[in-house]
Amino acid sequence: MLIGRTQEFSVPVLTVLHDFNNSLLNPNPRVALTFPMRTSLFSSLSFLRSVTISLCHHHRHLLSCHPLFLRPFPTSSLARYNRLRFRSIKCLSSSTEQLTCESYSPLTSEEKWDFSSYPENEDDILKFDGDPGYPGSGGDMKHMDSPALEVKELEELPEQWRRARLAWLCKQLPAHKAGTLVRILNAQKKWMRQQDATYIAVHCIRIRENDAGFRVYKWMMQQHWYRFDFALATKLADYMGKERKFAKCREIFDSIINQGLVPSESTFHILVIAYLSAPVQGCLEEACSIYNRMIQLGGYKPRLSLHNSLFRALVSKPGGSSKHYLKQAEFIFHNLLTSGLEIQKTIYVGLIWLHSYQDNIDKGRIASLREEMKQAGIQEDKEVLVSILRACSRDGDVEEAERTWLKLLSIDGGLPTQAFVYRMEVFAKVGEHLKSLEIFREMQESLGSASVAAYHKILEVLCQAQEIELAELLMQEFIKSGMKPLMPAFVDLMNMFLNLNLHDKLKSAFSACLETCRPNRTIYNIYLDSLVTSGDLQKAEETFNHMCSDEAIGVNTRSCNIILKGYLSSGDYMKAEKIYDLMCQKKYDIESSLMEKLDYVLSLSRKEVKKPVSLKLSKDQREILVGLLLGGLEIDSDEERKKHKIRFEFNETSRAHSVLRRHLYDQYHEWLHPSCKLSDGSDDVSYRFSTISHSYFGFYADQFWPKGQAMIPKLIHRWLSPKVLAYWYMYGGHRTSSGDILLKLKGSTEGVQKVVETLQAKSLNCRVKRKGRVFWIGFLGSDSTWFWKLVEPYILQDLSDLLRPGDRTWENDAVENQNTNFDSGSDFDEGASEYSDNENS
């Protein structure tokens, strides 16, 4: 076993032997040093220092002659070698790897960039008191069994040259990036076997160089002599998972499954925790999948901490998003129950909370959970009672709501604002809108003021009841309060006026909306409908054209049908035909009530009425697509690479993506798959949608995604227009807290170099930093303002303030800052390889 020694350490034979065939990989041929088997720590270190001094000149010569050794070697330390212990490996703390010259340490400090994410808005999520978080669930790991990993000691190998080569590789490999590491290993193919590669991988794990160990393991798998080693795969997967590198851990996990084996309990446990700890979209779903397979495939009984960590993750999102995890939460509850583990209060509270957000409330299940809480001696707190009120508001259960309200009154600490809102909704369900208004006034008296949600709810209730005077009075009160947002209230108010044909009032409400906030497409559609209905077609046409020209608003199926109805009613058939062509191009559905008259109009001017079937990307769509592909947009191709589809994915936590997704949905509407298109009246665009599979995208697939891997086209210098840069920034860019601009880019070093040269030809100075397979192109200081001036005309108006660089006085000091000297330059040291780190792993 590997046991750390503090007083002495074993030295069977200390040898420096570099007699390799390849001069590039052999830094010092035919040099051998030996000394006795056992010595004290002090004398050994003294000897090492003397050897280091004697070899220092030779290593300097090698570093100057061979580019492979230009990177500084990491400093070795005896303490580092004794941190990790394996069951079947003895300490080899004095192997020849310690004799490499340690005097070459990095002297230059790396330039640090701010990669912090945008601030997030708080949502209605379930909060637990004293929540320890996910990492705490790793405390049970010491009780889990894992397969013993047997590796021979270095001194047990009969060949002295093999011992020397392995010791040298153990020293060199962790110091190099993926590409160089693989080249070094490829040079050892003639003599290296699985036992040797396993020793190197285990050594890398032992000195906490887990990435190097993973690369060695990946290289092993491609050799003809490789035989699957379950113990090594388990150990490596566990250590990658402990570092939260879930992609690498999952890769090894899948390889174990593909061998027809069941991963160990520790691997399942660690992989679930790694997924839960990653702030990457889709990781929670993967954690649930691994948890389910742990029970159903492995037959394991997860620890209590793992059950609780996964459950807390399920209910940590806003209620509207978390409600889809109800079945998974019930499965966790069932496993806790059948395993005889303690069911904590947070589990009961969370389950009731999830049930209260469902479209169809299961009253029986909520009642049974409350009864189990009572039997377990758990008191119902405010969170439970508010969830009960929420469930009652969906069903209009006044009696249960009033009983719950009385319980809330008896609890110290004040009444939650949500309780008032749900109580108002309960009475609105049964048609008592004046009672809802009374509750709203009670809220103002007891809390001092009403919340934004309360204003939205009471205005919705009064507008549905068509109480015009009360709704107008409350709307004025809401505006004077200075609370935001106002748009949901304006939507309810204007819809009421539209239904009652009060077009003058609707126009006044729209004007008030323009003064107090920025109207969205829904409000513009209501106003447009009112103009067409009232016969003001000229104003309607101006409004429609404004919507088309404003990318932040845009038009949809409803907008086009409204204006088409106006043109057909007024007899302006030429303009009606133009709207028809636009709707055919965008593949908008035409209302059936308009089709009969439209067919007659088209028959007058066209011999054959048919919709155009050929799809082509416009110039704007082509430029936007190039910018999005540079920012990370992906293209999926079929096996024969004849048809391709574009997959739009947006980050739910990004404010920029929240705005951009709706704009891109409208921009590529005619290309979208039917399953991704919104139903009539809905304006909630998904964060994931895709186009149809089409051969038209073949050019972009061949240029940006050949063989399913991201690549920078050779002709990229021709396509980097200001609009391309703008959409690259909006989709794959980031403004740091210091006001600098960063652009994310995947591809080869040569491709990135070409992009940088093109930007510099446009007088855009930048720096490049690399993180795994991802390059970050940074416009720092005044360079960010020059970049902004170029792309600002193409940035969406709603994103202008969010993405604008921090330096607002660039006109005055831009020239002065052009000569700023950064400590480190661009990272163009080695090309990305198949063993490069993934940005999410």
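The legends below describe close-up views of a predicted model. Local features need pLDDT of at least 70, side-chain atom pairs count only at pLDDT 80 or more, and totals for chains, interfaces and linings use all residues. Residues are numbered from 1 along each chain as its sequence is written, and side-chain values use heavy atoms, with hydrogens and water left out.

**View A. Helix α20 and its cover.** Helix α20 covers residues 452–464. Helices are DSSP runs of H or I, at least four residues, numbered from the N terminus. Its buried residues (under 20% relative accessible area, 1.4 Å probe, protein chains only) include Y455, H456, I458 and L462. Just after α20, Q466 takes a positive phi of about 60°.

**View B. The W161 and W191 pair.** The whole structure holds 25 aromatic pairs. Rings of Phe, Tyr and Trp (its six-membered ring) pair if their centres lie within 6.5 Å; planes over 60 degrees apart count as edge-to-face, under 30 as stacked and the rest as tilted. W161 and W191 are edge-to-face, at 5.7 Å centre to centre and 80° between the planes. W161 lies in α3 and W191 in the loop between α4 and α5, so the pair ties together parts 30 residues apart in sequence.

**View C. W405, F420 and R423.** The ring centres of W405 and F420 are 5.1 Å apart, with planes at 70°, so this pair is edge-to-face. W405 and F420 are both buried. The charged end of R423 sits over the ring of W405, 4.6 Å from its centre (CZ of Arg or NZ of Lys within 6 Å of the ring centre and within 35 degrees of the ring normal).

How values were computed:
Helix = DSSP H or I, 4+ residues; strand = E, 2+ residues; numbered from the N terminus. Expected span 1.5 Å × (residues − 1). Buried < 20%, exposed > 50% of the residue type's maximum accessible area, 1.4 Å probe, protein only.
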